[in-house]
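Student: Hello! Could you show me how to read charged pairs in a protein model?

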Amino acid sequence: MTNNSEIDTLNDICREAKAENRLSGKNLTVLYELFGQRFSKALNALKENRVKKYVFEPSGRKVWIVIGRERDYLIMPAAEFCMCDDFYFRVLDKKIHLCYHLIAQKIARNLAWYETIEESDKLYESLMNEWKKATA
Ligand SMILES: [Zn+2]
């Protein structure tokens, strides 16, 4: 299944990148070939430091966000879920498996290529509502 190989390949490359603490030229090529435009967009998000990990205190709850052009995207990495339209219309339709936000988040997490933002638990509900309602 092509859908599974997408995610398997990305996971393999992320493991390698983590071990070497960088994305090798070979792996960059593989990612471009596999994801095309989606990888270009993911790489831009990484370069522009648009992947954020919110850590809520004192609970320690973590939320991943990719800052987009128009809005922020809530990512649920464990579920490989994202709240963007790309994910909603195409991933659920099984046309693609991973939107560029999920690709960016996976690479960010493995290469520690993200910003950590600490917030109080008091803000958790209102921030989550903000991130969730953006999906029209
Ligand atoms: Zn997405």
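Tutor: Gladly. A salt bridge is a side-chain nitrogen of Lys or Arg within 4 Å of a carboxyl oxygen of Asp or Glu. Side chains of opposite charge can pair when their charged atoms come close. This is a predicted model, where local features need pLDDT of at least 70, side-chain atom pairs count only at pLDDT 80 or more, and totals for chains, interfaces and linings use all residues. Residues are numbered from 1 along each chain as its sequence is written, and side-chain values use heavy atoms, leaving out hydrogens and water.

Student: How many salt bridges does a search of the whole structure find?

Tutor: The search finds 7. In one of them, glutamate 6 meets arginine 38 at 2.9 Å, N to O. Glutamate 6 sits in helix 1 (residues 2–20) and arginine 38 in helix 3 (residues 37–47), 32 residues apart. Helices (H or I, at least four residues) and strands (E, at least two) are DSSP runs, numbered from the N terminus.

Student: Are glutamate 6 and arginine 38 buried or exposed?

Tutor: Both are buried. Buried means under 20% relative accessible area, exposed over 50%, and partly exposed in between (1.4 Å probe, protein chains only).

Student: Which side chain does glutamate 115 meet in a salt bridge?

Tutor: That of lysine 52, at 2.5 Å, N to O. Glutamate 115 is partly exposed at 32%, while lysine 52 is buried at 11%.

Student: Which residues do shared partners join into one network?

Tutor: Glu48, Arg50 and Arg69.
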